[in-house]
Amino acid sequence: MKLPRFLAVFLNWVEGEEVFPVPEQASGPFHSERIKKADPKKKPQTPGRKKDHSKLLSALYSALSVIVCLTVILTLLTTVSWLPRFGGDHNPVENEVYTRYVERELEEAGAVNTVAGMILDYRAFDTLGESNVLFIAVCSVIILLRADRKKDGSLNIPELESTPEEKPDDIIFRCAAMILMPVGLVFGIYVVLNGHLSAGGGFSGGAIIGASMILYVRAFGSEKLDKVFTFSTYKWITFAALITYTLLKTWSFYTGANGLESGIPLGKPGAILSAGLILPLNICVGLVVACTMYAFYSLFSKGGFGNGQ
Amino acid sequence: MTVLEWIRFLIGAALMLGGSFFMITAVIGNFRFRNAPCRMHAAGLGDTLGILLLFVGLLILCGLSVFTLKLIIIVLLLWMTSPVASHMIMRMQIENGFTPDGRKENKKK
C-alpha cells in the first residue's frame, strides 16, 4: 500500500525530516548549527556478517510487531462483534450487582457519589489493601534509600552532607508557588471532605495535598516542614489512619454480616456529615496518600525527611 | 433574537477554531523541533494562547452560569503554571550549560 505523496511528505515533515531544502547560508544562533541528517549512502560500512545480523533482527522485529498488533486487533474486533448489541431486546439484563449498586446504594451507604459508596462501603477491604500497599511501598523505599546516620548525627555518606539542597532562588517560581500552594492545599482538603458528595475522594484529594507539599518544598526549602514532618510523624499518622480504618470497617462488617444494629447513623444524603463511615474513611485514605507522596519525593530527592531521627 | 444567537455562535466557533489551530501548532512543533527550548516554546504557545482562545470561545458559547467562573479559574491556573514551568525548564537548560538552540556549550577555560 502506498500513501499519497502529499500525505507521505507531510508525515515525514512532522517526523522531523528536512522535506524542503534549507538554505545553507542561514545564519544566526538558531540556524547556524542545524543537525545534519546522516546520508544513508555514506554510512560507515560495517563488516558484512554483523550488518546482516542486525538487519535480520530488525526485520524480524518489525514483522513480529506487525503480527502481534494484527492479532490483538483481530481478537478485540472478534470479541466486540460477539458482544450483544447496545440496547438490544435480548441483552442480559439480570446483572444483579450493578442493579443493586445503582438502586439501593443511596439508602444502604448513604453516599450521593455511588463510586465512593462502592469503594468505601461495599468493597472497603479492597481499599484498605490499597492503602496498605502504599504504606508498604514507602517502608521498602525507606529501607533501600534512606541515608544512614552515624552516632554523632552526621550522614554516613559524606557527599550527601556536602551538597546543598537544590533550592532554585527564582522569584518567578516562588511567586507562583506562593499563590498556588495554599489554593492546592485547600482544594485537596475540599476534595477529600467532599468525596461522598461529588467526584473525588481520598486518593485524588491526598494526591493533590501531597503535590502541594512537594511544591512548597521545591520553592522554599524543606527546613520548616522538616521540623513538623519527621519520620515519627509519618509513622504515627499512617499507623493511626490505617488502624482507624481497619477498626471502623471491621465493626461495620461484623455487625452487618451478623444482622446486628451497627449504630452508625447514615445521616441525610447530600449533607457533609452523612453517608455513615465514608467520610472518616476518606480522611484516613487521604492522610495516607498525602504522606506517601511527600515521603516518596523527599526519599528519592535527598534520602530522607525530617531532622534527627 | 435568532440573529444575535447566530452571531454569538459564529464568534464562539471562530475563537475555538483559532484555539484549535494553536493547539495543533503546538503538537506539530513538539514533534518537529529538535531541541528542548524550541519544543518548549511551541508547547507553551499552545498552553497559553490556545487554551485562552478555546476557553473564551466556550465562555461565549455557554453563556453566563456557574461554569463561567470555573472556566475562568481553569484559565487562570493554567496561565499561572504553564509559563512558570517553561521558565524553569529554560533556566535548568542554561544553568546546565546549554545554549538557547539546545547545544552543549564547550566551556574553554
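The buried residues of helix α7 of chain A are A:Ala176, A:Ala177, A:Leu180, A:Met181, A:Gly184, A:Gly188, A:Val191 and A:Val192. A residue is called buried if 20 or more other C-beta atoms lie within 10 Å of its own, exposed if 12 or fewer do, and partly exposed in between, with C-beta atoms placed from the backbone. Helices (H or I, at least four residues) and strands (E, at least two) are DSSP runs numbered from the N terminus. The model is predicted; local features need a pLDDT of at least 70, side-chain atom pairs count only at pLDDT 80 or more, and totals for chains, interfaces and linings use all residues. Residues are numbered from 1 along each chain as its sequence is written, and chains are lettered from A and ligands numbered from 1 in the order in which they are written.

**Helix α7 of chain A**

The cover over the buried residues of α7(A) includes α8 and α11 of chain A, together with α3 (66-95) of chain B. In α7(A) there is a kink of about 30 degrees at A:Leu180, shortly before the proline A:Pro182. The bend at a residue is the angle between axes fitted to the seven residues ending there and the seven starting there.

**Helix spans**

The expected span of a helix is 1.5 Å times one less than its number of residues.

| Helix | Number of residues | Expected span | Distance between end C-alpha atoms |
|---|---|---|---|
| α5(A) | 22 residues | 32 Å | 32 Å |

**Chain A as a whole**

Chain A has 11 helices and 0 strands. Of its 309 residues, 22% count as buried. Two residues are in contact if their C-beta atoms, placed from the backbone, lie within 7 Å. Among the contacts in chain A with a separation of 6 or more, 71% are between residues 24 or more positions apart.

**The cores**

A nonpolar core is a set of buried Ala, Val, Leu, Ile, Met, Phe, Trp, Tyr and Cys residues joined through C-beta atoms within 7 Å. The largest such core has 41 residues, of which A:Ile278, A:Leu281, A:Cys284 and A:Val288 touch the most other members. At least two residues of this core come from each of α4 (114-122), α5 (124-145), α7 (171-193), α8 (202-220), α10 (231-257) and α11 (278-302) of chain A. The most is given by α11(A), with 14 residues. Leaving aside residues up to four places away in sequence, A:Val288 touches A:Ser131, A:Leu134, A:Phe135, A:Gly206, A:Thr238, A:Ala241 and A:Leu242. A second, separate core of 8 residues includes B:Phe22, B:Met40, B:Ala42 and B:Leu53.

**Helix α5 of chain A**

The buried residues in α5(A) are A:Ala124, A:Thr127, A:Ser131, A:Leu134 and A:Val138. They cover an arc of only 80 degrees around the axis, which puts them on the same side of α5(A). This arc is that of the directions from the helix axis to the C-beta atoms. An α-helix has 3.6 residues a turn, so residues three or four places apart point the same way. On the other side of α5(A), the exposed residues are A:Asp126, A:Gly129, A:Val133, A:Ile136, A:Ser140, A:Ile143 and A:Leu144. The buried residues of α5(A) are covered by elements including α4, α10 and α11 of chain A.

A:Phe135 also lies in helix α5 of chain A. This residue counts as partly exposed because it has 19 C-beta neighbours inside 10 Å. Not counting residues up to four places away in sequence, A:Phe135 touches A:Thr238, A:Leu242 and A:Val288. A:Phe135 and A:Cys291 are 156 residues apart in sequence, yet their C-alpha atoms are 9.4 Å apart in space.

**Chain B**

Chain B has 3 helices and 0 strands, and buried residues make up 14% of its 109 residues. In α1(B), B:Leu15, B:Gly19, B:Phe22 and B:Ala26 are buried, and what covers them includes α2 (36-62) of chain B.

**Confidence**

The predictor's confidence in each residue is pLDDT, on a scale from 0 to 100. Chain A has a mean pLDDT of 76, with 72% of its residues at 70 or more. Over residues 26-38 of chain A, pLDDT stays under 50, and the model has 11 contacts beyond four places in sequence for them. Chain B averages a pLDDT of 83, and 90% of the residues score at least 70. Among the elements of chain B, the mean pLDDT is lowest in α3(B) (85) and highest in α1(B) (89). For the complex, the predictor gives an ipTM of 0.73 and a pTM of 0.67.
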